[in-house]
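Welcome to this short tour. Take a moment to look over the sequence and the 3D view, and then we can walk through them together.

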Amino acid sequence: MHIEENIALAPHTTFFIGGRARFFVHAKTADDVRDTCAFARDKNIPVLVLGGGSNMLVGDAGFDGIVIKIELDGIVQDGGTLVAGSGESWDKVVAYAVEKKLWGLENLSGIPGSVGGAVVQGIGAYGAAVGQTLSWVEVFDRDNGEIKKMSNSECHFGYRDSFFKHDNEKHIILRAAFTLSLSAAATISYKDLAAKFSDSSVEEIDIQAVRSAVLDIRKGKFPDLSAEGTAGSFFKNPIMSVADASALKQAYPDMPLFAMPETDGVKVPLAWLLDHVLGLHGARVGGARLFEKQILVIAADRQTSSVDVITLARDVQKKVFDELKIKIEPEVKII
Ligand SMILES: Cc1cc2nc3c(=O)[nH]c(=O)nc-3n(C[C@H](O)[C@H](O)[C@H](O)COP(=O)(O)OP(=O)(O)OC[C@H]3O[C@@H](n4cnc5c(N)ncnc54)[C@H](O)[C@@H]3O)c2cc1C
């Protein structure tokens, strides 16, 4: 294990923003993870676990501790189960499953980042979520140095949420297993996908066609990472009680609402409120702006300061609260 010093973090994030890390390690094995945590404990410095850096905003001041860049790779198939290293590219795992005609991940095609990050963030898109197929994760417990398996139910998946978002970085994910279906089971109820397959019956839809359709729909919905930065949707959609959502709907009858049976709540489309109620289309602070094609996304020009992104995000949060009395939370982790 080689410990580097004073490493720029911006190139390790999709926002391309952030200062330097005091220490930085490329962890390729569980032993690398263990040794790095021991080093951090000896030096009494904080640890930041980094996957693909696609859901993080690192401040210009950087990180005065050690960054562990998770690079544990590999994909192993056992029947309908895929076990992947936590540093494996998420989309590579999806592509692998699609090629083997294993159903369950195809709607999550094209999401940047790593397998570990996908589990922590509880990723979801086009009617699917990572918690629907994950069977277990193997984790390193920083408190006692043990490596153990955690089941799906122990991961406490919720809307863009999991146990790991609230554990104070205690567990580092090493591997994740997904139980996929060998028989065709296309989920195309999401509006954009349903439109793509309006002429086909569900039984005749091919898994590769679903992946291609999702990749196609996603094209143009996010900034081009080769030209500017982003971490995808910056905010979570608020989940409200049925009563509060109905009151809001009375005020704004055209607003769509989405039932969330697993929470007893209702998902309110924040993008619709920002656009139709608060008129935030085109809002900008310095090099950071709400992305014109998807207003929940913050796009940042190269060389933008983290302060611009944070100021824009706080302006949006304040406006939503002042005018609608709704508290919105960032989906992105702010370092
Ligand atoms: C263009 C774009 C489109 C996106 N589209 C979507 C979308 O459709 N749906 C969606 O849900 N998200 C989307 N995202 C957000 C993001 O891609 C996902 O949340 C992704 O899963 C984050 O993975 P990562 O490896 O980059 O995590 P990072 O950003 O590196 O880390 C995120 C969090 O996970 C922790 N972490 C990472 N790896 C580990 C590990 N092995 N063990 C423990 N903790 C770990 C980090 O400490 C951090 O707290 C998008 C982002 C971008 C830039």
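## A guided look at the model

Lys-101 sits in the loop that runs between H2 and H3. Keep in mind from the start that this is a predicted model. The phi angle of Lys-101 is near 55 degrees, a positive value in a residue that is not glycine. Most residues other than glycine have a negative phi.

| Residue | Other C-beta atoms within 10 Å | State |
|---|---|---|
| Asn-6 | 10 | exposed |
| Lys-101 | 15 | partly exposed |
| Leu-108 | 25 | buried |

Leu-108 counts as buried because 25 C-beta neighbours lie inside 10 Å, and 20 or more are needed for that label. Leaving aside residues up to four places away in sequence, Leu-108 touches Val-94, Ile-123, Ala-125, Ala-128 and Val-130. Leu-108 and Tyr-126 are 18 residues apart in sequence, and their C-alpha atoms are 7.2 Å apart in space.

Now let us step back to the whole chain. The protein chain has 8 helices and 20 strands. Its C-alpha atoms fill a box of roughly 60 × 50 × 40 Å along the principal axes. A compact globule of 335 residues would have a radius of gyration near 20 Å, so the 20 Å of the protein chain agrees with that expectation. Of the 335 residues, 42% are buried. Among contacts between residues at least 6 apart in sequence, 63% join residues at least 24 apart.

How is the chain divided into domains? The domain assignment gives domain 1 (4-70), domain 2 (75-218) and domain 3 (229-334). Between domain 1 and domain 3, the C-alpha centres lie 29 Å apart. Their contact takes 12 residues from domain 1 and 15 residues from domain 3. The side of domain 1 that touches domain 3 has 6 nonpolar, 5 polar and 1 charged residues.

Next comes the interior. In soluble globular proteins, nonpolar side chains tend to be buried together. Here the largest nonpolar core holds 94 residues, and Leu-57, Ile-68, Val-119 and Ile-298 touch the most other members. What does Ile-298 touch, not counting residues up to four places away in sequence? The list is Thr-230, Phe-234, Ala-288, Leu-290, Phe-291, Val-309, Leu-312 and Ala-313.

Finally, turn to the ligand. Which of the 33 residues around the ligand come nearest? They are Gly-51, Gly-113, Gly-116, Gly-117 and Gly-232. The elements that give two or more residues to this shell are strand S3 (47-50), helix H3 (115-121), strand S8 (124-125), strand S12 (171-179) and strand S13 (229-233). H3 supplies the largest share, with 5 residues. By class, the shell around the ligand divides into 16 nonpolar, 15 polar and 2 charged residues.

Conventions:
Residues numbered from 1 in each chain as written. Predicted model: local features only at pLDDT ≥ 70, side-chain atom pairs only at ≥ 80, totals over all residues. Near = placed C-beta within 6 Å. Helix = DSSP H or I, 4+ residues; strand = E, 2+ residues; numbered from the N terminus. Nonpolar A, V, L, I, M, F, W, Y, C, P; charged D, E, K, R; others polar. Rg over C-alpha atoms; globule rule 2.2 N^0.38 Å. Buried ≥ 20, exposed ≤ 12 C-beta atoms within 10 Å, placed from the backbone. Contact = placed C-beta atoms within 7 Å. Domains from an automatic or database assignment. Core = buried A, V, L, I, M, F, W, Y, C linked by C-beta atoms within 7 Å.
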